[in-house]
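Please view the sequence and structure below before reading on.

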Amino acid sequence: MSTPWIFAAEQKSAEVTDWAARIGWLVGLALFVALVYWLMRQGWKWRGTLQGDLPELPALPTEPGEARLELSGRYHGSTTAGQWLDRIVAHGLGTRSRVELTLTDAGLSVVRPGAADFFVPAAQLREARLDKGIAGKVLAEGGLLVVTWAHGDKLLDSGFRSDHAAEHTAWVEAINSMNTTETSTEGAAR
């Protein structure tokens, strides 16, 4: 026969939670996350300051002409041409947003709700291509419409994704044909 006090000696009570230590860790973690967020924001501002030499974006014309193509989708940002990770943030070009693109003989109208609209005159359009990524956005091969254009003394790549990706090819052909027509016209004028 066993004695009841032996079983009582084997039982242990649960450890008491040290709430002060847990709260201290949570506060420390929250401060660390806030510091990282603040540093990221400062980096974004600094990048904008470094790109301060970029001229203001051209405003939308009052009479852009008849639309050749229209597209509804997303604007994913702009980078230095050929450097898909060198994001341009000056003048709101780094702000992702919905977009309504309209291509006319005068150029490319970029209307972005909640962000600055801009216009790329036809003379500044250089080329269009299908690509798979631009600073912070990677899609399947050919899932992104990238338009290269001149702004000031820089060439920029701007990435767009249509709600209907099948439209991208028509945009590439139309912009590249505008560039070919303009180049041949300039050559004949010389």
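A salt bridge is a side-chain nitrogen of Lys or Arg within 4 Å of a carboxyl oxygen of Asp or Glu. The model is predicted: local features need pLDDT of at least 70, side-chain atom pairs count only at pLDDT 80 or more, and totals for chains, interfaces and linings use all residues. Residues are numbered from 1 along each chain as its sequence is written, and side-chain values use heavy atoms, with hydrogens and water left out.

- Asp131 pairs with Arg129 in a salt bridge, with 3.3 Å between the closest N and O atoms.
- Arg129 also meets Asp157 in a salt bridge, at 3.1 Å from N to O.
- Arg129 lies in strand S6 and Asp157 in strand S10 (residues 154-162), so this pair ties together parts that are 28 residues apart in sequence; strands are DSSP runs (E, at least two residues), numbered from the N terminus.

**Accessibility**

- Buried means under 20% relative accessible area, exposed over 50%, and partly exposed in between (1.4 Å probe, protein chains only).
- Asp157 is buried at 3%, whereas Arg129 is partly exposed at 25% and Asp131 is partly exposed at 21%.

**A further salt bridge**

- Arg68 forms a salt bridge with Asp105, the closest N and O atoms lying 3.5 Å apart.
- Arg68 is partly exposed at 39%, while Asp105 is exposed at 59%.

Terms used
Helix = DSSP H or I, 4+ residues; strand = E, 2+ residues; numbered from the N terminus.
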